[in-house]
Amino acid sequence: MAAAQGRLSDGADGMDDTKEGDRDGSGAAPPPFRAAVDALRSARLRPQIEIEPTRAPQRLAPHAYALEAAVVDGDQDLADGRLVLLHDPAGHDAWQGTFRLVTLVRAELEPEMAADPLLPEVCWSWLTGALQARGLSYGEPSGTVTRASSHYFGGLAERPAASQIEIRASWTPREGLGDVPDTAAHLAAWCDLLAQIAGLPPAGPGDASVVTLPQRRGPQSR
């Protein structure tokens, strides 16, 4: 599976600085965090999305759990990403809560689409729209949308120009019964975003209003 690389938003400058430790969110973690992780593990997702746990960063919060995912078509990846659940039982002023979700998603684009001046605003609306479409309550959203282009010269001149979109974001899922957020629903919304940026059609009749990304670059070999 292709794992999203790079540092995530929300001041998460240590996102890639993982250590050996509590990879699966078990151990001495408090009950609300264990319940939130169990909900992530039990979530049912659309079959085109392959997802698996990965080592979480250890310096951002007392407790963390991470997943990486890829939108797959045959043996090719259309998009990939990483989602990290952070938990600080003492609360965090910047989060305005005790939980935080941090993510990076990315996909390849056709250069013409990457040049659209409205693309960043549209991509950010996909994230907020995915959360709202599932009726999720959240706060303190922040993030960036980055588009990058690569042009090849000399011995690489035969390669076509490549463009990529990245969404780095974080938000605070509101806590519910037992001080536990509905992490399974947040994961489903995140997968909706991942599928949308990959150019997949809506998952069902209830998602008919979703506008997928047009003119996405062809699938990338895994």
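1. Start with Arg-134 and Asp-192: they form a salt bridge with their closest N and O atoms 2.7 Å apart. (Salt bridge here: a side-chain nitrogen of Lys or Arg within 4 Å of a carboxyl oxygen of Asp or Glu.) Arg-134 sits in the loop between α3 (119–133) and β5 (138–150) and Asp-192 in helix α4 (residues 183–198), so this pair ties together parts 58 residues apart in sequence. Helices and strands are DSSP runs, numbered from the N terminus (H or I, at least four residues; E, at least two).

2. A word on the model: it is predicted, with local features needing pLDDT of at least 70 and side-chain atom pairs counting only at pLDDT 80 or more, while totals for chains, interfaces and linings use all residues. Numbering runs from 1 along each chain as its sequence is written, and side-chain values use heavy atoms, leaving out hydrogens and water.

3. Back to that pair: Asp-192 is buried at 18% relative accessibility, whereas Arg-134 is partly exposed at 39%. The cut-offs are under 20% relative accessible area for buried, over 50% for exposed, and partly exposed in between (1.4 Å probe, protein chains only).

4. Arg-168 and Glu-166 also pair up through their side chains, at 2.9 Å from N to O. Glu-166 counts as buried, with 11% relative accessibility; Arg-168 comes out partly exposed at 22%.

5. Then there's Asp-38 with Arg-41, a salt bridge at 3.5 Å, N to O. Both belong to helix α1 (residues 31–42), where being three residues apart puts about one helical turn between them. Asp-38 is partly exposed at 42%, and Arg-41 is partly exposed at 43%.

6. For the tally, searching the whole structure turns up four salt bridges.
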